[in-house]
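Welcome! Please take a moment to look over the sequence and the structure before reading on.

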Amino acid sequence: MTIYTVKPGDSIDAIAAKYGVPAERIIYVNQLTYPYRIAVGQALLITFNEIYGGTGIIANGFAYPFISPWVLEQTLPFLTELSVFSYGFTIEGDLVNPVLPTEWMIRAAIDYGVSPVLTLTPFGPDGQFNNYLIHRMLSDTESRNRLIRNIYDAVLYRGYEGVNIDFEFILAEDRDLFTEFVRDVTYAINELGYEVTVDLAPKTSADQPGLLYEGKDYPALGEAANRVLIMTYEWGYTYGPAMAVAPINKVREVIEYAVTEIPPEKISMGVPNYGYDWPLPYVRGESKAKTIGNIEALQIAVNNNVEILFDETSKAPYFSYVSNGVTHEVWFEDARSILAKYRLRDEYGLHGIGCWQIMQLFRVMWILAQGDIWSISIE
């Protein structure tokens with residue numbers, strides 16, 4: 001494989017002729033739409049062989065039950081785990097099912113040899129992470145044990161092959177209780193022959209302040225669960241200033257700390273499958289970015305005839321455009337930024353990656369994982 005950066009005057013036919021590959025394959029791999037316009041600075045993945053399923057990277061993808069069946073079908077061949085998002089719970093420890101049916105996702109995953117994973121989240125009535133709900137459940141032994149039994153039964157009877165625990169904004173006072181809960185869930189699910197993964201906020205030190213971090217004990221949770229997923233994304237986020245979602249320099253800082261507390265073979269690194277479109281100027285408390293897909297970002301650049309730039313520090317693409325008199329700045333993921341993340345995962349010998357989320361197809365992301373990531377050139 002080669003990653004080619006589009007130059008002024010390029011066309012798909014000319015690039016195909018340059019590399020001696022079918023234009024149709026470039027179009028398919030990069031999800032180009034007719035009339036196949038491309039932007040200067042756009043990264044195109046050039047593959048010299050036919051595309052098949054399978055991947056050299058252990059990959060977990062998160063998906064809501066309203067995912068397009070076609071998108072799921074296109075993505076499953078490249079996954080090892082499918083995390084169904086998500087199950088909730090009550091203060092009393094009763095399991096709350098997703099609003100939409102999940103059975104079809106479980107069957108589809110199993111048909112492709114992918115392990116379906118039950119994802120547990122503490123969402124309140126407003127659909128947001130609720131640390132009061134976490135606190136009440138963890139503080140009541142009967143409620144906690146009931147929830148663990150319910151998780152066990154759901155895995156046993158619904159076809160799941162693992163559990164992912166995604167609790168965020170845990171109170172510092174609940175830190176040890178949360179670790180005990182993860183340990184107890186792991187013990188129960190291991191009895192069924194399956195594993196438990198716990199999601200961790202991206203810390204760079206043990207005593208990092210903040211509601212995202214204080215309730216997560218890296219070494220203790222690394223011991224309590226079979227594996228951890230570090231959510232190495234959201235530096236650029238909806239209410240923040242325009243910047244890369246997962247800048248590689250910041251991701252590296254987190255991984256460098258994590259491997260001092262948790263064995264690298266137990267760590268998966270989070271990889272985002274989305275970008276943001278910020279209206280400028282950024283005003284704290286007022287500005288709000290729009291979440292967009294990576295293919296959508298490219299279409300915006302093409303439609304506005306703007307050049308895509310690449311920041312070498314964060315290893316991320318970005319561009320600006322003007323719409324209705326308002327300047328916008330867009331940061332997203334492309335073949336170059338994904339390759340940098342795969343190489344970082346390989347450099348530290350991590351278990352795999354966790355993709356948030358697979359609701360939109362980004363074919364390049366999965367095809368890149370098929371090759372020797374160190375031999376892929378960027379031209």
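This is a predicted model: local features need pLDDT of at least 70, side-chain atom pairs count only at pLDDT 80 or more; totals for chains, interfaces and linings use all residues.

Residues are numbered from 1 along each chain as its sequence is written, and side-chain values use heavy atoms, with hydrogens and water left out.

**Pockets**

- The largest pocket has a volume of about 1300 Å³. A pocket is found on a 1 Å grid over the protein atoms alone, as an open set of points where a 1.4 Å probe fits, with protein on both sides within 12 Å along at least five of seven lines; lining residues have an atom within 4 Å of a point. The volume is the space filled by probe spheres set on the points, which are joined across faces, edges and corners.
- Of its 35 lining residues, Phe 129, Glu 168, Phe 169, Glu 234 and Tyr 276 are the closest to the centre of the largest pocket.
- Helix α9 (residues 248-261) gives the most to this lining, with three residues. Helices (H or I, at least four residues) and strands (E, at least two) are DSSP runs, numbered from the N terminus.
- Sorted by class, the lining of the largest pocket has 22 nonpolar, seven polar and six charged residues. Here Ala, Val, Leu, Ile, Met, Phe, Trp, Tyr, Cys and Pro count as nonpolar, Asp, Glu, Lys and Arg as charged, and the others, Gly among them, as polar.
- The second largest pocket holds about 350 Å³ of space. Among the 17 residues that line the second largest pocket, Ser 86, Asn 97, Pro 98, Val 99 and Phe 123 are the closest to its centre.
- Strand β4 (residues 81-89) gives the most to the lining of the second largest pocket, with five residues. That lining divides into 11 nonpolar, six polar and no charged residues.

**Sheets**

- Five strands form an open antiparallel sheet in the order β12-β11-β15-β14-β13. Strands pair if DSSP finds at least two bridges between them.
- β12 (290-292) and β13 (309-311) stand at the edges with a single partner strand each, so one side of each has no neighbour in the sheet.
- Three bridges join β13 to strand β14 (residues 316-323) in the antiparallel sense, and Phe 310 has Pro 317 in β14 as its bridge partner.
- Helix α10 (residues 294-303) lies across β11, β12, β14 and β15, at about 105° to β12. Contact means heavy atoms within 4.5 Å. Axes are lines fitted to C-alpha atoms, for helices over the stretch in contact, and angles run from 0 to 180 degrees between N-to-C directions.
- Another open sheet has three strands in the order β2-β1-β17, with mixed pairing.

**Salt bridges**

- Side chains of opposite charge can pair when their charged atoms come close.
- The whole structure has 12 salt bridges (a side-chain nitrogen of Lys or Arg within 4 Å of a carboxyl oxygen of Asp or Glu).
- In one of them, the side chains of Arg 144 and Glu 180 meet at 3.8 Å, N to O.

- A cis peptide bond joins Tyr 34 and Pro 35, with omega about 10°.
- Another cis peptide bond joins Trp 356 and Gln 357, with omega about -10°.
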